[in-house]
Amino acid sequence: MKVGIYGGSFNPIHKGHIKLAEIFLQQVGLDEVWFMVSPQNPFKINDKLLDDKLRLQLVKSALAGQKGMVACDYEFQLPKPSYTWDTLQRLSSDFPTYEFVLLIGGDNWQAFDKWYHAEDILANYRVVVYPRKNDETEEKCSKIPSVNVTLLDIPLINISSTDIRERIEAGQSIKGLVSECIEKDVERYYKGE
């Protein structure tokens, strides 16, 4: 089984995340994409996160009926902060017959050399990078010689969780940005009701 690991806080999950996972499944030839809901990103320690279980539930609801997409709470049981290297090592140990492929954004790729065990990740796992708004992913990818790094060929998906949270705070609509089945919950949870 070939599994893509799509880690993130998903604070909240939105249609861009799901579209990206569809492209990831197709272009990389994966059996499944696991949406690895992260309890804490070491680079985003000061960000305010909605409760882990609520974010996981929103991901599960948004992915209902999506072929090959799985909401995953695997990192909830790991020490915090969660480091990708530790997660990949544990996954490889728990699922020895699976091949894991890591999906990261261009912003994370630009800081990848600062990641815990970055060289080990590159030596042992395939990394697929998707470009994000205003990043220099393509240029950075061409500078790092690694047979394990691939740049996804996708159009820019211009939706962000930050924008959704800001819209809710400003009383603006989020219609069309998140799956309809979670829209009311997202509005309620992020308004702090």
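This text walks through a few local features of a predicted model. Residues are numbered from 1 along each chain as its sequence is written. Because the model is predicted, local features need pLDDT of at least 70 and side-chain atom pairs count only at pLDDT 80 or more, while totals for chains, interfaces and linings use all residues; side-chain values use heavy atoms, with hydrogens and water left out.

Begin at the loop between strand S1 (2-8) and helix H1, where Phe-10 is placed. Helices (H or I, at least four residues) and strands (E, at least two) are DSSP runs, numbered from the N terminus. Phi of Phe-10 is near 45°, a positive value in a residue other than glycine. Phe-10 counts as buried at 3% relative accessibility; buried means under 20% relative accessible area, exposed over 50%, and partly exposed in between (1.4 Å probe, protein chains only).

Helix H1 (residues 15-28) holds His-17, which is buried, with a relative accessible area of 10%. Neighbours within four places in sequence aside, His-17 is in contact (heavy atoms within 4.5 Å) with Tyr-6, Phe-10, Pro-12, Phe-35 and Ser-161.

His-117 sits in the loop between helix H4 (106-110) and helix H5 (118-124). With a relative accessible area of 32%, His-117 is partly exposed.

Next comes a pair of helices. Helix H2 (residues 52-63) packs against helix H8 (residues 183-191) at an angle of about 165°, and their axes are 11 Å apart. Axes are lines fitted to C-alpha atoms, for helices over the stretch in contact, and angles run from 0 to 180 degrees between N-to-C directions. H2 is therefore roughly antiparallel to H8, since angles over 145 degrees count as roughly antiparallel, under 35 as roughly parallel, 65 to 115 as roughly perpendicular and the rest as oblique. From H2, the contact is made by Leu-54, Arg-55 and Leu-58, and from H8 by Asp-185, Val-186, Tyr-189 and Tyr-190.

The loop between helix H7 (161-169) and H8 contains Gln-172, which is partly exposed at 44% relative accessible area. Gln-172 and Glu-187 are 15 residues apart in sequence, and their C-alpha atoms are 9.9 Å apart in space.

Last, the cysteines. Cys-72 is buried, at 10% relative accessibility, whereas Cys-181 is exposed, at 55%. A disulfide is a pair of cysteine sulfur atoms within 2.5 Å, and by this rule the count is zero.
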